[in-house]
Amino acid sequence: MLTVILFPNLIDREIIVLYEHFNSNMLLFFTIMSIYFALSILLPLIGGEGVLLSNENGFRLFGSILALASAFIKKKWYHGVLVISVSKKTHLN
Amino acid sequence: MEDFPDIIKGYSKVEYLITFGAIIFGFVAAEYFNGWGQLWRNRKRVKFSWIYFAYTVIAFFVLVVVWWNFWLQSQYIEKSIIHFHLLLGYPVIYYLISVFLFPDFSSYGLIDLSNFFFRQKKKFFLAVALFFVFDSFNAMAYGDDFDGGFRVIGIVISLCGAFIDNTNFHKFLLAVSVLAVIIYVVALDLGYMVPEGSDTLNNQYSKVEHLTVFISLLYGFVAAEFFMGWGSMIRNSKKIQFSWIHFLWSIFLLALLIDIWWSGRTQLEFISSHLSAFLLFLAIPLFFIC
């Protein structure tokens, strides 16, 4: 879902401004990401090895809320800072 | 050649043969992700149908179940090349099913999925019936007939679907199909249909290995989607206006996919013992990221 939303269909299209494409699909993109992070809290629990209150789940819950909030913020600078911050955090994990 | 050892430096003949089969299975499974992706990309000219979409999901889940059960049959593929050919019949039939199930998106104009489904239903359901007949034949040949009742249900549903045109009947048939899949998964998980055997076939090929090779191919397909997306953007660089934010989000998603793969190892023991967990752990990350 997320790659399909992120990469536009370039066939039979004229000029595509990628940020505009991202901006117009932002609500869907971040909502799906938010649902994914929320579900990823439950997956290790189903697996029987996870615990509900853990640092990882705290991070996932934060990610879910942040993604949902980001769906409604249109500022370009915010998304620039956000993507660098979350990429750094994911890399450090 | 007859005296050639079955295991070469720890690598068994079953592993060698199954790798090839897994690539074909993975390719067929990727057709479903590709088909759903195309449905979304062409959403402006696609008229959605729940019946159609539900059948694509059921078909994908049955394919995953086939791979799950394929582990037990993989012990036969090393016996002769005929056994190997026979078991490769599964992905061949399943590829045929995916061809009938997804429309040709290269054509122009509106794609009405309901009309498309009812136009294709005869070919689709007959291919599904062929799959169940083939599976029954294999099960009888190898004496693994632990879920024969479900194959009979599958053949009956397929034949009804192929020859009955009524829309309401197809809604009913869909409900029966969903119920049959759920009962099958639950029965398998509760141990009602588990054939006897250990977690490793002939001490050579483990179930965890079997499931991992399939999952890795699907993750590989999703990772390849990133390369194709970036490649398409480079090829069409003259008609796109680049955005760093867009590019960085695509990098982040690939990093997230790699992160999921990195941490997924801890779940392997659990998913290899429960089909429902395997389905969930396979489908959820791939559905979201893909």
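Which residues in α1(B) meet α8(B)? They are B:T19, B:A22, B:I23, B:F25, B:G26, B:A29, B:A30 and B:F33, and on the α8(B) side they meet B:V213, B:F214, B:L217, B:L218 and B:F221 (contact means C-beta atoms, placed from the backbone, within 7 Å). This is a predicted model, where local features need pLDDT of at least 70, side-chain atom pairs count only at pLDDT 80 or more, and totals for chains, interfaces and linings use all residues. Residues are numbered from 1 along each chain as its sequence is written, while chains are lettered from A and ligands numbered from 1 in the order in which they are written.

**Chain B overall**
- Chain B has 11 helices and 7 strands (DSSP runs numbered from the N terminus: H or I of at least four residues for helices, E of at least two for strands).
- Of its 290 residues, 31% count as buried (20 or more other C-beta atoms within 10 Å of the residue's own, with C-beta atoms placed from the backbone).
- Take the chain B contacts between residues at least 6 apart in sequence: 81% of them join residues at least 24 apart.

**α1 against α8**
- The axes of α1(B) (residues 13-41) and α8(B) (residues 207-235) come within 9 Å and cross at roughly 45 degrees (axes are lines fitted to C-alpha atoms, for helices over the stretch in contact, and angles run from 0 to 180 degrees between N-to-C directions).
- That makes α1(B) oblique to α8(B) (under 35 degrees is roughly parallel, over 145 roughly antiparallel, 65 to 115 roughly perpendicular, and the rest oblique).
- The contact of α1(B) with α8(B) splits into 11 nonpolar, 2 polar and no charged residues (Ala, Val, Leu, Ile, Met, Phe, Trp, Tyr, Cys and Pro are nonpolar; Asp, Glu, Lys and Arg charged; the others, Gly among them, polar).

**α1 against α2**
- α1(B) also packs with α2(B) (residues 50-73), at an angle of about 160 degrees and with the axes 11 Å apart.
- So α1(B) is roughly antiparallel to α2(B).
- On α1(B) the contact uses B:F25, B:V28, B:A29, B:Y32, B:G35 and B:W36, and on α2(B) B:T56, B:F60, B:L63 and B:W67.
- By class, that comes to 8 nonpolar, 2 polar and no charged residues.

**Where chain B touches chain A**
- Chain B puts in 36 residues and chain A 34.
- Elements of chain B giving two or more residues are α1, α8, β7 (240-241), α9 (244-264) and α11 (275-289).
- α9(B) gives the most, with 11 residues.
- The chain B side divides into 22 nonpolar, 10 polar and 4 charged residues.

Note on methods: Two residues are in contact if their C-beta atoms, placed from the backbone, lie within 7 Å. A residue is buried if 20 or more other C-beta atoms lie within 10 Å of its own, exposed if 12 or fewer, and partly exposed in between; C-beta atoms are placed from the backbone.
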